[in-house]
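Biologist: I would like to learn how to read a model like this one, feature by feature. Could you walk me through it?

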Amino acid sequence: MLRYTEDHEWINLEGDIGTVGISPHAIEQLGDIVFVELPSVGAAVAKGDAVAVFESVKAASDIYCPAGGEIVEVNEAMLDDLSAIVPDAAMDSWLFKVKIADSSDLDEMLDEAAYAALIA
Amino acid sequence: MENRRTPLYDFHQEHGARIVPFAGWDMPVQYPAGIKAEHLATRASCGLFDVSHMAQIELRGAGADAMMASLTPTDMGAIAEGRVRYSLFLNETGGVLDDLMIARLDGNLHLVVNAGRADHDIAHLRANLADDVDMILHEDRALLALQGPSAEDVLARLGVDLAGFTFMDVRHLDINGIATVVTRSGYTGEDGFEISLAASDAASLAATLASIDAVSLVGLGARDTLRMEAGLPLWGHELDETINPVVGGVRFALSKKRREARDFPGAEAIMHDYENGPQRQLVGLLPVGGRPVRDGTILMHEDRDIGHVSSGGFAPSLDAPGALGFVPPQLAVAGTQLMAATRGAPTPITVASLPLVPHRYKRG
């Protein structure tokens with residue numbers, strides 16, 4: 001189940017594990033990514049916590065955790081080639097996986113149609 | 001209030017620019033290539049920039065030199081016909097009201113000032129306008145910058161004779177049948193030209209230049225990273241009403257004759273710092289670890305606040321973060337290790353000499 005936040009994160013829920021990234025639209029708006037800071041595996045996070053940072057040439061952008069729980073995996077491989085973070089590969093550029101404590105955190109989030117309407 | 005648009009607004013749209021508000025103008029921050037690619041293309045070959053948002057002001061009349069001498073630390077008599085100088089509007093405490101270029105052409109003075117300070121500067125000039133000086137605002141003119149090592153080849157291909165035309169010269173030039181006033185100058189640290197022309201000719205010349213393979217379109221994003229690497233100050237960051245030219249790294253703008261005469265606005269304060277050394281000075285900064293350090297970040301040494309970052313971001317030519325900032329003179333030594341108070345963990349940051357990337361001007 002794929003959901004989006006109004007802050008342009010996406011979360012793909014499989015069982016109780018949510019994989020989190022940022023939308024093609026957000027990647028396009030940021031431009032060239034020059035630095036990414038990922039959370040620590042094992043960290044306890046609450047919905048809405050700033051857990052990662054994308055730095056572009058011009059600005060820094062916080063990435064907020066769409067749902068509370070525990071960080072169980074981070075995408076270290078993405079740090080090897082930041083130039084691969086492009087809108088067309090937004091789903092490959094996932095940041096971390098969170099074991100979700102309460103799936104109702106996703107209830108208010110946007111589905112693909114609602115997100116498409118938001119950025120239209 | 002609606003933002004103003006340059007004569008190249010449609011041109012930018014047609015070339016896929018992302019338009020952002022800047023100093024009351026709708027300007028291209030980048031084209032589809034992106035800031036890094038545009039920056040690197042300028043250093044490797046050449047970039048075309050729309051800088052028509054900057055105000056072009058002409059002063060005519062017998063009193064123009066005396067008037068500008070009263071507002072700046074520039075020896076006006078040293079600006080020969082066909083030459084350009086970098087100058088500063090100063091206040092009485094030695095702060096910088098704006099930085100500007102002054103060209104002398106056909107006996108008249110041609111000023112280019114920052115877009116964000118244009119209203120201020122025009123009011124300042126008007127308030128100090130001598131009876132024998134006429135001020136003409138050239139709002140009907142555009143300004144293009146062609147910057148990079150291939151810029152001279154590009155103009156030569158269009159049949160322009162650049163013989164004897166070197167850094168900080170100004171001339172009338174015919175480019176592809178279009179009448180222009182060109183200075184060999186810019187704000188990237190590269191060789192290059194700034195081309196003033198009628199607004200109605202701007203889109204035509206931009207299209208001609210953009211059709212040449214060596215030329216890339218470059219937005220304000222890369223203009224900022226290029227000038228930061230070149231260690232060139234930006235008003236509001238490295239210069240403002242509280243920062244004097246010695247602190248801001250532009251002591252070269254204080255003409256020798258004017259320093260000796262001490263007859264410019266704020267001379268007492270400025271010459272104190274010139275002769276005794278300032279309390280703080282502008283340096284280059286290289287953050288360690290890959291994370292950019294942004295404007296306003298506090299700089300620490302041995303757990304004490306000692307300065308701040310004035311312009312911080314990414315330096316594409318170094319493929320690493322880069323910044324400019326102010327530190328006390330005893331720490332303004334290349335290699336000095338400082339800490340930047342970035343959110344979360346502090347970032348180690350190393351003092352570097354300026355420019356971060358060497359200038360490549362074509363001096364005469």
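Predicted model: local features only at pLDDT ≥ 70, side-chain atom pairs only at ≥ 80, totals over all residues.

**Reading the model together**

Biologist: Which residues of α4 in chain B are buried, then?

Modeller: First the general idea: an α-helix has 3.6 residues a turn, so residues three or four places apart point the same way. In helix α4 (residues 118–127) of chain B, the buried ones are B:Ala118, B:Asp121 and B:Leu125. They sit on the same side of α4(B) because they cover an arc of only 65° around the axis.

Biologist: What covers the buried residues of α4(B)?

Modeller: The cover includes strands of chain B: β5 (55–60), β6 (84–90), β7 (96–105), β8 (108–113) and β9 (134–137).

Biologist: Now the whole of chain B. How many helices and strands does chain B have?

Modeller: Its secondary structure comes to 9 helices and 20 strands. The radius of gyration of chain B is 20 Å, close to the 21 Å that the globule rule gives for 364 residues, so chain B is as compact as a globular protein of that length. Its C-alpha trace spans about 60 × 50 × 45 Å along the principal axes. Buried residues account for 49% of the 364 residues. Of the contacts in chain B between residues at least 6 apart in sequence, 67% join residues at least 24 apart.

Biologist: Into which domains is chain B divided?

Modeller: Domain 1 takes 4–51 + 139–229, and domain 2 takes 279–356. Their C-alpha centres lie 30 Å apart. The contact between them draws 8 residues from domain 1 and 10 residues from domain 2 of chain B. On the domain 1 side, α2 (35–44) and α7 (220–229) of chain B each supply at least two residues, and α2(B) gives the most, with 4 residues. That side of domain 1 divides into 2 nonpolar, 3 polar and 3 charged residues.

Biologist: And sheets? What is the strand order of the open sheet in chain A?

Modeller: In general, strands of a sheet pair through backbone hydrogen bonds, either parallel or antiparallel. Here 6 strands of chain A form an open sheet in the order β1-β2-β3-β9-β8-β5, with antiparallel pairing. The edge strands are β1 (2–4) and β5 (44–45) of chain A, each pairing on one side only. β5(A) pairs with strand β8 (residues 69–74) of chain A in the antiparallel sense over 2 bridges. At residue level, A:Val45 has A:Gly69 in β8(A) as its bridge partner.

Biologist: Last one: how many residues does each chain bring to the contact between chain A and chain B?

Modeller: Chain A brings 9 residues and chain B 12 residues. On the side of chain A that touches chain B, the largest share, 3 residues, comes from strand β4 (residues 33–37) of chain A. That side divides into 4 nonpolar, 1 polar and 4 charged residues.

Technical notes. Residues numbered from 1 in each chain as written. Chains lettered and ligands numbered in written order. Buried ≥ 20, exposed ≤ 12 C-beta atoms within 10 Å, placed from the backbone. Arc of directions from axis to C-beta. Contact = placed C-beta atoms within 7 Å. Rg over C-alpha atoms; globule rule 2.2 N^0.38 Å. Nonpolar A, V, L, I, M, F, W, Y, C, P; charged D, E, K, R; others polar. Pairing = 2+ DSSP bridges. Domains from an automatic or database assignment.
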